[in-house]
Amino acid sequence: MLFIVLLVLTTIAIAASAAFFSVYGMAQLFAGAFVPVIIMGASLEAGKLVAASFLYRYAKEIGLALKVYLMSAIFILMLITSMGIFGFLTAAYQKDTIPLAEMQQKIELYDTEYQQLIERRTQIDQQIAAINPDYVTVKQRLVKDFAPEREAIDARLQVLTPELQKLKTDQIDVEAKIGPIMFVAEVMGEDPKTAVFWFVVLLISVFDPLAVALTIATNVALQKRKEEQVKKQGPVQEVKLDSLKKYIDKQISKNSVVTETPPVTPIIPQT
């Protein structure tokens, strides 16, 4: 009995999780009708599990058409649930990677600007250094002409350098959240999106099918337990029925003796 309770609780947990991910994923897809989609999805999830239980219990008693329809409906609903779970998980991954993509874009822009500023400052220094030392006046005038631009470059670098360092630090923190996916992607030799795709496919291939299979397994376990109880109670019931039958026969026998009409002795008149 303890195993059956554990089986029921596990089935409810997996089925409820699959239903939640699927219904929430479909509701996000049809955000304009959020509440109606939730009601529809929850009803379909419940109907799928009930249909699986009904099909197992009464498969021999229903017609072929109904049996084929129920099997088709269960299979299609499993696909719908899997698609909903796929959408939910991939959306969650995208939410985690959007900040990372934004950071990478900013880092690339800032790094490009940083390199351009360093290159321009180097060009200014090279132009000043290229002046013959004998032409002091020319060199001083050139330094004076480039002074505003050089000051602007230095000021921008002072602002840009700490921002770039902060962005790189934040990038490391965000990458740490999706570190396992990044590691799997490196092992597979694929980009993170491909690794996430195949991981989610493997997950949904066992998620909802396992919920349906455990639902049928629960029905099997309950049916077996009922049969075992009937077998245990069978001999006792037979003994009770046999005793009752003997008691009834005995009572009938007594009643027949009491109610039996005594023989009448004819009276012969004397002459």
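At 25% relative accessibility, Arg121 counts as partly exposed, a label for residues between buried (under 20% relative accessible area) and exposed (over 50%), using a 1.4 Å probe and protein chains only. The model here is a predicted one, where local features need pLDDT of at least 70, side-chain atom pairs count only at pLDDT 80 or more, and totals for chains, interfaces and linings use all residues. Residues are numbered from 1 along each chain as its sequence is written, and side-chain values rest on heavy atoms, with hydrogens and water left out.

Back to Arg121, then. Its partner in a salt bridge is Asp154, with the closest N and O atoms 3.2 Å apart; the term covers a side-chain nitrogen of Lys or Arg within 4 Å of a carboxyl oxygen of Asp or Glu. Arg121 sits in helix H3 and Asp154 in helix H4, so this pair ties together parts that are 33 residues apart in sequence. Helices here are DSSP runs (H or I, at least four residues), numbered from the N terminus. Asp154 is partly exposed too, with a relative accessible area of 25%.

Searching the whole structure turns up eight salt bridges. One of them joins the side chains of Arg120 and Glu149, at 2.6 Å from N to O. Arg120 belongs to helix H3 (residues 64–129) and Glu149 to helix H4 (residues 136–177), so parts 29 residues apart in sequence are tied together by this pair. Both ends are partly exposed: Arg120 has a relative accessible area of 26%, and Glu149 comes in at 31%.

A salt bridge within a single helix turns up as well. The side chains of Asp170 and Lys166 meet at 3.1 Å, N to O, and both residues lie in H4, four residues apart, or about one turn of the helix. Asp170 is partly exposed at 22% relative accessibility, whereas Lys166, at 53%, counts as exposed.

Turning to the inside, the largest nonpolar core has 14 residues, and Ile14, Ile85 and Phe207 touch the most other members. Such a core is a set of buried Ala, Val, Leu, Ile, Met, Phe, Trp, Tyr and Cys residues joined through side-chain atoms within 4.5 Å. Helix H1 (2–29), H3 and H6 are the elements that give two or more residues to this core, with H6 giving the most, at seven residues. Leaving aside neighbours within four places in sequence, Ile85 is in contact (heavy atoms within 4.5 Å) with Ala18, Phe21, Ser22, Ile204 and Phe207. Apart from this core lies another one, of nine residues, and Leu117, Ile131, Phe146 and Leu157 are among them.

Nonpolar side chains show up on the surface, too. Phe183, Val184, Val187, Met188, Phe197 and Trp198 form a patch there, with about 610 Å² of accessible area together. Areas come from the Shrake-Rupley method with a 1.4 Å probe, and for residues only the protein chains shown count as cover. Patches take residues with over 30% relative accessible area and no salt bridge, joining like charges within 9 Å and nonpolar side chains (Val, Leu, Ile, Met, Phe, Trp, Tyr) within 5 Å. Helix H5 (179–188) and helix H6 (192–258) each supply at least two residues of this nonpolar patch, and H5 gives the most, with four. Val187 lies in H5 and, at 59% relative accessibility, counts as exposed.
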